[in-house]
Amino acid sequence: MSGGSIPRLVIAAPSSGAGKTTVATGLMAAFAEAGLVVSPHKVGPDYIDPGYHSLATGRPGRNLDAYLCGPDRIAPLFLHGAAGADLALVEGVMGLFDGASGMGELSSTAQVAKLLRAPVVLVVDASSQSRSVAALVHGFASWDPEVRLAGVILNKVGSDRHEELLREAMDSSGVPVLGALRRDGRAGTPSRHLGLVPVAERRSDAVESVAELAARVREGCDLEALLALARTVPELPDAPWDPAAELAPAEGAAAPEKPLIAVAGGAAFTFSYAEHAELLAAAGAEVAPFDPLRDEHLPPGTQGLVIGGGFPEVYAPDLSANAPLRAAVAALAASGAPVSAECAGLLYLSRSLDGKPMCGVLPAEARMTERLTLGYREAVALRDNALAAAGTRVRGHEFHRTVLEPGAGADPAWGLTHPERRVEGFVAGGVHASYLHVHWATEPSLAGRLVASAARSAPARGAAR
């Protein structure tokens with residue numbers, strides 16, 4: 001089959017909390033265990049669910065966010081991520097028709113399903129209803145005729161009799177029931193202040209949870225019918241996204257040797273889009289992961305640094321205790337080498353986090369709060385820096401329960417233009433640090449500019465290659 005006709009399904013729900021992640025992850029694991037190559041995807045900006053998807057399939061979990069990346073990039077990014085797969089499963093976000101606030105269907109699961117020409121399977125929390133489930137499904141099936149709602153999976157079913165009543169009600173709806181899952185807390189995934197606990201923090205338990213989800217899905221879902229439905233999709237006319245083709249020739253590394261860019265990972269820094277490392281490599285960098293909780297030194301020869309999002313507030317004592325690495329990061333920043341830090345990275349570069357010393361690169365203090373800051377943002381680079389040229393416009397996402405004081409430096413990282421106007425973040429030397437999560441696929445010049453800057457910088461002291 002051609003890449004554009006990859007079998008695919010979108011797993012959606014009427015609202016958050018219905019069990020999308022449970023069902024989607026279980027389906028991914030069940031089909032993978034059956035020998036299929038499964039490509040996992042997630043609608044929206046969330047970083048945590050894709051970690052479970054990756055664990056279930058053995059492939060990178062990838063995001064499809066029409067707000068961050070633009071509707072025109074959804075199908076190309078999907079085809080890039082799903083290349084070589086037998087089946088692609090896309091977990092939705094919130095309710096099927098919920099998107100960016102005040103912007104209609106933009107970034108909704110329904111919009112992504114239409115862009116992918118993919119059938120939707122609706123996961124319905126049936127715990128407190130019987131005949132009403134048919135009315136609910138009818139409403140969702142008829143709301144937008146361009147969305148193909150092709151099946152239902154009944155979740156949190158209480159008993160055999162409850163399932164019988166639900167199936168009887170659904171018989172007249174015209175939408176087939178493709179599965180029914182009992183209420184069961186054995187495969188639960190723990191949550192905390194920003195959602196599920198990431199895989200990297202509970203890997204052995206997560207492996208057991210995913211295996212249990214796969215067993216439940218095999219028992220309760222018609223996998224053959226779901227696969228047959230996935231194979232009814234039409235061809236997508238789009239070409240796969242190509243990171244190399246996205247970069248202008250001038251954005252590649254001009255040095256005869258590839259500059260080494262270290263990328264923070266491990267349990268404290270789990271938030272990263274797979275396309276970022278691909279763009280860095282396409283721009284001419286050697287990408288070297290490291291774990292700030294374990295590694296006392298940056299990778300040998302580091303000429304640039306990327307520190308993404310995560311949960312440094314959970315690991316503040318351990319991050320603080322790794323004084324040799326904090327000193328190495330501070331020295332790299334002082335040398336003028338490019339450093340890109342988002343959210344967790346911003347906190348790590350601050351003087352302190354909840355009173356624990358951090359890297360001291362930024363003249364700011366960070367602390368946890370009860371207030372959740374959440375939402376899409378539009379921003380513009382106010383001056384040339386190692387990541388973005390002045391005037392570069394991006395769309396990003398903010399998601400944290402911490403506050404930084406002050407929230408911006410003398411040279412801010414971004415000027416936010418929507419939904420509010422303010423400045424935030426820091427630009428100092430080669431450092432660009434901000435709360436804003438940006439998907440570089442929408443602005444590949446960010447990766448190219450970072451690599452070009454790294455190519456001009458000397459390797460970190462004490463880390464000669």
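Me: Quick one first. How many helices and strands are in the protein?
Reply: There are 15 helices and 22 strands. Keep in mind that the model is predicted.

Me: What is the radius of gyration, and how does that sit with the globule rule?
Reply: The radius of gyration is 23 Å, and the globule rule gives 23 Å for 465 residues. So the protein is as compact as a globular protein of that length.

Me: And what box do the C-alpha atoms fill?
Reply: Roughly 70 × 45 × 45 Å, taken along the principal axes.

Me: What share of the residues counts as buried?
Reply: 57% of the 465 residues.

Me: Contacts next. What share comes from residues 24 or more positions apart?
Reply: 75%, counting contacts with a separation of 6 or more.

Me: Switching to rings. How many aromatic pairs are there?
Reply: The count comes to 7. One of them joins Phe269 and Tyr348. That pair is edge-to-face, with 5.6 Å centre to centre and 65° between the planes.

Me: Where do those two sit in the chain?
Reply: Phe269 is in the loop between strand S10 (260-264) and helix H11 (274-282). Tyr348 is in helix H14, residues 344-349.

Me: Buried or exposed, Phe269 and Tyr348?
Reply: Both Phe269 and Tyr348 are buried.

Me: Why is the Phe271 and Phe311 pair edge-to-face?
Reply: Because the planes are at 80°, and over 60 counts as edge-to-face. The ring centres are 5.4 Å apart.

Me: Which residues make up the ring cluster?
Reply: Tyr47, Phe271, Tyr273 and Phe311, linked by ring pairs.

Me: Last topic, Glu33. Where is Glu33 found?
Reply: In helix H1, residues 20-33. Glu33 is partly exposed, with a relative accessible area of 49%.

Me: What does Glu33 touch beyond its neighbours in sequence?
Reply: Leaving aside those within four places, Glu33 is in contact with Ala214 and Arg218.

Me: And how far is Thr57 from Glu33, C-alpha to C-alpha?
Reply: 8.5 Å, with the two residues 24 apart along the chain.

Methods: Residues numbered from 1 in each chain as written. Predicted model: local features only at pLDDT ≥ 70, side-chain atom pairs only at ≥ 80, totals over all residues. Heavy atoms only, no water. Helix = DSSP H or I, 4+ residues; strand = E, 2+ residues; numbered from the N terminus. Buried < 20%, exposed > 50% of the residue type's maximum accessible area, 1.4 Å probe, protein only. Contact = heavy atoms within 4.5 Å. Rg over C-alpha atoms; globule rule 2.2 N^0.38 Å. Phe/Tyr/Trp six-rings, centres within 6.5 Å; stacked < 30°, edge-to-face > 60°.
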